[in-house]
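Keep the structure open beside you as you read.

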Amino acid sequence: MDYQAVLEEVTAFARPLVGRGQVADYIPALAEVDVNQFGMAVADVDGGVYGTGDWEKPFSVQSISKAFSLALVLAEGGGKIWDRVGTEPSGNPFNSLVQLEYENGIPRNPFINAGALVVTDRLQTLTGDASTTMLEFLRAESGNPDLAFDPAVAASETEHGDRNAALAHFMASYGNLDNPVPTVLEHYFWQCSIEMSCGDLARAGSFLARHGLRADGSRLLPRREAKQVNAVMLTCGTYDAAGDFAYRVGLPGKSGVGGGIVAVIPGRCTLCVWSPGLDTRGNSVAGVAALDAFTTLTGWSVF
């Protein structure tokens, strides 16, 4: 596969959509990001990396971090997390409180905010420092020792994090958090604030394309659990647009309101696309279109 040629063709297709949509202005630190940016990278299972556009420019990973926290929890503590969070699509906005009440404080899946808070809580219990554990893992898998948190983004999310605090307190009232709410929120916001480029994220997510094998060849997850992470990404990874994403792209994917999307083609490669303009459900307009074009051009999907 000539990845570079495919990426250039995909870029030409997606370029007219760059700038459409809105940045995540409810997080003030993200409101200042230039919407007219686009980058895309591919990391194949043998370590080759290819990119186009702004693929080396760091951006805020936001909810993409949820896929990595879930993988780390499964690696450290096995499948016990599934007693505390479900695997079903929510059909509601990612920060909704509605389902928690009639489902007794058990989030529908690990990629809505409530579910991600439970996963962060579990990772904190298992490691003693959830956010640093994730940062060190991402540095190792991406091969970039300079990856860092963005304190301005973390502070911005903390200052405007009332909805997440409400979710956390509500779950705590049902006994579904083990650590103090302020501790869980702090680590959750720091994880979301990590800055990475498309190239960094494509490399870091490659263990999912390699069925659980890390960059150094060691095993992070058994094949069964790598399959589970990919499956939940497919059904729940793009907020309440997961059905449309599966229909258009046909890959496991995890998006973030920073404008990034990571997608996995098991056994072949991991993709990351970034363009900050978001649709009404929080997914990159140009990013989804680019992934749609990639799977159409290559004929590669899980279907």
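The second largest pocket holds about 190 Å³ of space. A pocket here is an open set of points on a 1 Å grid over the protein atoms alone, with protein on both sides within 12 Å along at least five of seven lines, and its lining residues have an atom within 4 Å of a point. Its volume is the space filled by probe spheres set on the points, which are joined across faces, edges and corners. Of the 19 residues lining this second pocket, Leu-30, Val-33, Phe-59, Ser-60 and Glu-195 are the closest to its centre. Helix H2 (28-31), strand E3 (59-60) and H7 each supply at least two lining residues; helices (H or I, at least four residues) and strands (E, at least two) are DSSP runs, numbered from the N terminus. By class, the lining has twelve nonpolar, three polar and four charged residues. Here Ala, Val, Leu, Ile, Met, Phe, Trp, Tyr, Cys and Pro count as nonpolar, Asp, Glu, Lys and Arg as charged, and the others, Gly among them, as polar.

Before going on, please note that this is a predicted model, in which local features need pLDDT of at least 70 and side-chain atom pairs count only at pLDDT 80 or more, while totals for chains, interfaces and linings use all residues. Residues are numbered from 1 along each chain as its sequence is written, and side-chain values use heavy atoms, with hydrogens and water left out.

The volume of the largest pocket is about 270 Å³. Tyr-26, Ile-27, Asn-113, Glu-157 and Asn-164 are the closest to its centre among 19 lining residues. H9 gives the largest share of this lining, three residues.

About 90 Å³ of space lies in the largest cavity. Of its 16 lining residues, Ser-96, Gln-99, Leu-100, Ile-112 and Ala-114 lie nearest the centre. Helices H4 (98-102) and H5 (113-127) each supply at least two residues of the lining.

Finally, return to H9, which packs against H6 (residues 130-142) at an angle of about 25°, with the axes 8 Å apart. The two helices are therefore roughly parallel, the term for angles under 35 degrees. Their contact (heavy atoms within 4.5 Å) is made by Ala-130, Ser-131 and Met-134 of H6 and His-187, Trp-190 and Gln-191 of H9.

Note on methods. 1 Å grid on protein atoms, 1.4 Å probe; cavity = no way out; pocket = protein on both sides within 12 Å on 5 of 7 lines; lining within 4 Å. Axes fitted to C-alpha atoms, helices over the stretch in contact; angles between N-to-C directions. Parallel < 35°, antiparallel > 145°, perpendicular 65-115°, else oblique.
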